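Welcome, and please take a moment to look over the sequence and the model shown here.

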Amino acid sequence: SVVEHPCVQYGAEVVEASVTSISAGLEDFFSSAASGAAGRCAIPTVSGAARSIEPKDRLWLEEELEIVHLDTGLDGADAPDLFRRGAAPSWRDLHLNHDCSREITDKIRRRIEEAVSQRRTERINLYHPPGAGGTTVARRLLWDLHRRYPCALLREAGPPSGTAERLAKLTALAEQGLVLLID
């Protein structure tokens, strides 16, 4: 038989979280409250709590990666003109839904979520002619998943061991797998 947690009878929802996740969430809450979230770089952890990345770690990670953190794309002008003329969408464009939805996006998203939840490495190739929207689909996927999983765009790869160390650091901070876009 299944034993219910005593708090359930009062309508509470029980969420399992490690001490590390709880302390990271509290650290993020207090640091963002103190700084007004200016310059914050936080990623979701396996428990759903946000975890701030320390400035020195962020600088090191961003030598090769563009981290799609929880505050990405929230500020800025609503100016989709560059995207509408063929440029890759900005995170702000995706936040404001300037792209059009595509059926393929949902299929790929489900495949990614399954792989990440099982901590399985999966490579998905999007073959497309220039201007067909493949980059937009890939960035939309990162945008849609960045609140649940750490997401990053590999801008340039240095020595393989350095890139692997950066990806391992991001994974360790979040206590879960990540989604990486290589375009």
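This is a predicted model: local features need pLDDT of at least 70, side-chain atom pairs count only at pLDDT 80 or more; totals for chains, interfaces and linings use all residues.

Residues are numbered from 1 along each chain as its sequence is written, and side-chain values use heavy atoms, with hydrogens and water left out.

**The chain as a whole**

Let us begin with the overall layout. The chain holds seven helices and five strands; helices (H or I, at least four residues) and strands (E, at least two) are DSSP runs, numbered from the N terminus. Along the sequence they come in the order α-β-β-α-β-α-α-α-α-β-α-β. Of the 183 residues, 39% are buried, where buried means under 20% relative accessible area, exposed over 50%, and partly exposed in between (1.4 Å probe, protein chains only). The accessible surface is about 11,200 Å², and carbon and sulfur atoms account for 54% of that surface. Such areas come from the Shrake-Rupley method with a 1.4 Å probe, and for residues only the protein chains shown count as cover. Contacts (heavy atoms within 4.5 Å) tell us about the fold too: among those between residues at least 6 apart in sequence, 68% join residues at least 24 apart.

Which residues of H6 are buried? The list is Gly134, Thr136, Val137, Ala138, Arg139, Arg140, Leu141, Leu142, Trp143 and Leu145. Because ten of its twelve residues are buried, H6 is largely enclosed by the rest of the structure. Its buried residues pack against helix H3 (81–84), helix H4 (91–95), H5, E4 and E5. From first C-alpha to last, H6 reaches 17 Å, close to the 16 Å expected at 1.5 Å a residue; the expected span of a helix is 1.5 Å times one less than its number of residues.

Helix H7 (residues 160–174) has 15 residues and spans 21 Å between its first and last C-alpha, close to the 21 Å expected. Its buried residues include Leu167, Leu170 and Leu173. Covering the buried residues of H7 are, among others, strand E1 (42–44), strand E2 (50–52), helix H2 (55–61), strand E3 (65–67), strand E4 (151–154) and strand E5 (179–182). After H7 comes Glu175, whose phi is positive, near 60°.

**Charged pairs**

Side chains of opposite charge can pair when their charged atoms come close. A salt bridge here is a side-chain nitrogen of Lys or Arg within 4 Å of a carboxyl oxygen of Asp or Glu, and the count comes to 14. Three of them are set out in the table.

| Salt bridge | Closest N to O distance |
|---|---|
| Arg111 and Glu122 | 2.5 Å |
| Arg140 and Asp144 | 2.9 Å |

Why are Arg140 and Asp144 separated by about one helical turn? Because they are four residues apart in helix H6. An α-helix has 3.6 residues a turn, so residues three or four places apart point the same way. Arg140 is buried at 9%, whereas Asp144 is partly exposed at 29%. Salt bridges that share partners join Asp99, Asp106, Arg109, Arg140 and Asp144 into one network.

Arg109, a member of that network, is found in helix H5. With 17% relative accessibility, Arg109 counts as buried. Arg109 and Asp144 lie 35 residues apart in sequence, yet their C-alpha atoms are 8.3 Å apart in space. Leaving aside residues up to four places away in sequence, Arg109 touches Leu141, Asp144 and Leu145.

**The largest pocket**

Rolling a probe the size of a water molecule over the atoms shows where empty space is left. The largest pocket contains about 960 Å³ of space. Of the 28 residues that line this pocket, Glu122, Arg123, Ile124, Val179 and Leu180 are the closest to its centre. Elements giving two or more residues to the lining are H5, H6, H7 and E5, and H6 gives the most, with five residues.A pocket, on a 1 Å grid over the protein atoms alone, is an open set of points where a 1.4 Å probe fits, with protein on both sides within 12 Å along at least five of seven lines, and lining residues have an atom within 4 Å of a point. Grid points are joined across faces, edges and corners, and the volume is the space filled by probe spheres set on the points.
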